[in-house]
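Hi,

Here is the model I promised to pass on.

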Amino acid sequence: MANPSKPRKAESSAGASFTPAPWLVVLGLVVLTLIVHRNVLHEGFALDDLILLQQAEGLRPWPLTLWRWLSGWAWFRIVFPVWGQEPFAYHVTSLLLHVLNAVLLQRLLRRAGASEVAAFLGTAVFALSRLHFPALLAATSIGELLALTFTLAGLGFASQAKRMPLAIVAMLLAVSAKESVLLVPFAWLLTARAEESIGARVRRMAPMLLAGTIAGLVLLGSGLTSGRLGGQAYAVSFGANLAENVARLFGWTFDLVDPIPDLHATTTGAAPIVLPLLALGLTALAAWRGSSLMRAGAVWWWLAVLP
């Protein structure tokens, strides 16, 4: 008499899909990121780097301000005596920090409920983007990388109440590297699962959110009073330029043609109108039909762009 369980077992085995080990997914992400951004290792310094290198050498005075103290005064006082004026070491460190950020983002997405494929693809879009070239090229852009590192680490720590002190410390370090991330963690409130309401998540993450916001505003105020936030790059205006800025940043996000998208100062043609409308349309679609992670991603983008 035939055993009826054998055909079912064979059928089940044949229909089973291959699931790669988590470490293999992370390794693939790391390798791809290193391959795409490898050329930055052979570049020299950017123009802004020369000013901070002169300050680290003692040829220029360090401005007395708390603004970005971690990515400015502290970072260069630590690394300059070791690396000196050799750009390779600075670029290697920046690239490794970018790889670390990609790994932290991938693990954060998995913890928030994204599938292995979705987490990998979403992180790959971030990690392989050429928009990171200016941050990886300029030694002075270490603030962007460190701010994201500590922000992602803080969000990971905040998933457990007992690790909230570490989340607060991480967020304080994040805004000390670059204060523009102070609003970003608020987007993570939208990733609450069914078993945890948004209200409960707000209460759990409140210490980290308040600490980061207050510290970020204090540090930003320190930068404003120091005079270092002067000039056209830091000009404040509320008018038609808002649509232009959104159009430019949204266009850079999806620019797959220009090697360095931010070399273009302004958008052209109908882009200043079409691109902001498209950004708003995609945001509305994410809010209406998207998952909690899609909504959090849309809010994350706006909170990073608005400052």
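Let me start with glutamate 179, which touches Trp67, Arg68, Gly216 and Leu220, leaving aside residues up to four places away in sequence (contact means heavy atoms within 4.5 Å). Its side chain makes a polar contact with the side chain of tryptophan 67, at 3.2 Å (a pair of N or O atoms within 3.5 Å; within protein, one must be able to donate a hydrogen and the other to accept it, and residues adjacent in sequence count only if both atoms are side-chain atoms). Glutamate 179 is in the loop between helix 9 (164-177) and helix 10 (198-226) (helices are DSSP runs of H or I, at least four residues, numbered from the N terminus).

Now for another spot: arginine 289 is in helix 12 (residues 271-289). Arginine 289 is exposed, at a relative accessible area of 64%. From arginine 289 to methionine 164 there are 125 residues in sequence and 32 Å in space, C-alpha to C-alpha.

Some background: this is a predicted model, where local features need pLDDT of at least 70 and side-chain atom pairs count only at pLDDT 80 or more, while totals for chains, interfaces and linings use all residues. Residues are numbered from 1 along each chain as its sequence is written, and side-chain values use heavy atoms, with hydrogens and water left out.

Cheers

How values were computed: Helix = DSSP H or I, 4+ residues; strand = E, 2+ residues; numbered from the N terminus. Buried < 20%, exposed > 50% of the residue type's maximum accessible area, 1.4 Å probe, protein only.
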